Amino acid sequence: MAKEPDAESGRLVIRNVEFLGGMAEREGWRPDSSLPEIAFAGRSNVGKSSLLNSLVRRKSFARVSRTPGRTREINFFRINNGFVLVDLPGYGYARISKEKKAEWKPLIQSYMRRTTQLRGIVLLLDIRREPSDDDRAMLDFLAEMEVPTIVALTKTDKLSKAAARERVVQIARVLALESEQVIPFSAHSGEGRRELLEAITDLVQAIPEADVQ
Ligand code: GDP
């Protein structure tokens, strides 16, 4: 039997998770923390809750992300007292009004402008879909803010191995990303969990550019 990728033998072992609270509106409350922050973004239904639950594997974590109302907020979790995981609200949900759809932008932009500790973003894209206008707008915004970005391609178990490999190349090409920036991921099979944890560890440990003389 194939062994599930064993993240506990990877470099980042998640031992401790503490919910710090949610930021619900522009300029609203956010935690006062000097730890590095790693944020997760993606359109609704891309598989963000599944990916985060697979990474963190804590019931308390899953409970917070399922709480009604929290899905529209930016939720902050302290991990191992080493960094803060920032769960950004899913964007571009087809079943809500245009007005509501646009809400994520000012909230996320307000977070990005106020944080001084953001070391990187994991942007989730469904491996089977073409990146949407919102996805591209998010990537452009991240490039403009000069935030190091990793793209996690979700739900790889829905494609054959060969088709998934091809999609990785195609998506990297259309979005002009380096292949090291793209990590295929499946919450169902565990594919990519260790690679993603390692990439996050690298971002957390990277020296921010502002500190490099
Ligand atoms: P979110 O809205 O981005 O938080 O997305 P969810 O994590 O709630 O997932 C949306 C849907 O996609 C659910 O029906 C999940 O069961 C499904 N899903 C999420 N991750 C995977 C995956 O890795 N593989 C498969 N096959 N389905 C997934």
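Predicted model: local features only at pLDDT ≥ 70, side-chain atom pairs only at ≥ 80, totals over all residues.
Next, select E5. This strand is mostly covered, with 9 of its 9 residues buried. On one pairing, E5 and E2 run in the parallel sense, joined over 6 bridges; isoleucine 38 has glycine 120 in E5 as its bridge partner. E5 is also parallel to E6, again through 6 bridges, and here valine 122 stands opposite isoleucine 150 in E6. Display E5, H5 and E6 together to see a right-handed β-α-β unit.

Now widen the selection to the whole sheet. Its 7 strands follow the order E1-E3-E4-E2-E5-E6-E7, and the sheet is open with mixed pairing. At the edges are strand E1 (17-23) and strand E7 (182-184), each of which pairs on one side only. From one strand to the next, the twist averages 25 degrees.

For an antiparallel part of this sheet, select strand E3 (residues 74-79) with strand E4 (residues 83-87), which pair over 5 bridges. Asparagine 75 can be picked out here, as its bridge partner in E4 is aspartate 87.

Finally, move to helix H1 (residues 48-56). Its buried residues include Lys48, Leu51, Leu52, Ser54, Leu55 and Val56. Just after H1, select arginine 57, where phi is positive, at about 50 degrees.

How values were computed. Residues numbered from 1 in each chain as written. Heavy atoms only, no water. Buried < 20%, exposed > 50% of the residue type's maximum accessible area, 1.4 Å probe, protein only. Helix = DSSP H or I, 4+ residues; strand = E, 2+ residues; numbered from the N terminus. Pairing = 2+ DSSP bridges. Axes fitted to C-alpha atoms, helices over the stretch in contact; angles between N-to-C directions. Right-handed = clockwise from strand over helix to strand, strands pointing away.
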